[in-house]
Amino acid sequence: MNEHDERGTTMTGVDPGRLDDQQLMKELETIHRTRHDTLLYGSNDALRAHNERMAQLEGEYLRRNPRRTVAPGRTREGARDRGVGGP
């Protein structure tokens, strides 16, 4: 069995914890790029697998970057501020 063949589990691809930072970012970019098509045209099984893989990759990113930069406009308070007199 290789790292892409995890029979008996729902994981596909390499365990995110084994990816270096550059590989993890590439995987995240790819899964986010394919999200819309999977949602619109994928089978229920494909969507489920996509959800699980995206959660694994994003969870690993957050684990590695607990103090990542958060843009003020991406918070509840920032969203409220945008709503006052904004478009």
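This is a predicted model: local features need pLDDT of at least 70, side-chain atom pairs count only at pLDDT 80 or more; totals for chains, interfaces and linings use all residues.

On the face of α2 turned away from its buried side, we find the exposed residues Asn 44, Asp 45 and Arg 63.

Which residues of α2 are buried? They are Leu 47, His 50, Arg 53, Met 54, Leu 57 and Glu 60. These residues lie on the same side of α2, because the arc they cover around the axis is only 160 degrees. In general, an α-helix has 3.6 residues a turn, so residues three or four places apart point the same way.

As for the geometry of α2, the helix runs over residues 44–64.

What do the buried residues of α2 pack against? Their partner is α1, residues 21–41. Two residues illustrate the contacts. Thr 38, which is found in helix α1, is buried, with a relative accessible area of 12%. Beyond residues up to four places away in sequence, Thr 38 touches Ala 46, Leu 47 and His 50. Leu 28, with neighbours within four places in sequence left aside, is in contact with Leu 57, Glu 58 and Tyr 61.

Finally, the core. The largest nonpolar core has 7 residues in all: Val 14, Leu 19, Leu 24, Leu 28, Ile 31, Met 54 and Leu 57. At least two residues of this core come from each of α1 and α2, and α1 supplies the largest share, 3 residues. In soluble globular proteins, nonpolar side chains tend to be buried together. Thank you.

Conventions. Residues are numbered from 1 along each chain as its sequence is written. Side-chain values use heavy atoms; hydrogens and water are left out. Helices (H or I, at least four residues) and strands (E, at least two) are DSSP runs, numbered from the N terminus. The expected span of a helix is 1.5 Å times one less than its number of residues. Buried means under 20% relative accessible area, exposed over 50%, partly exposed in between (1.4 Å probe, protein chains only). The arc is that of the directions from the helix axis to the C-beta atoms. Contact means heavy atoms within 4.5 Å. A nonpolar core is a set of buried Ala, Val, Leu, Ile, Met, Phe, Trp, Tyr and Cys residues joined through side-chain atoms within 4.5 Å.
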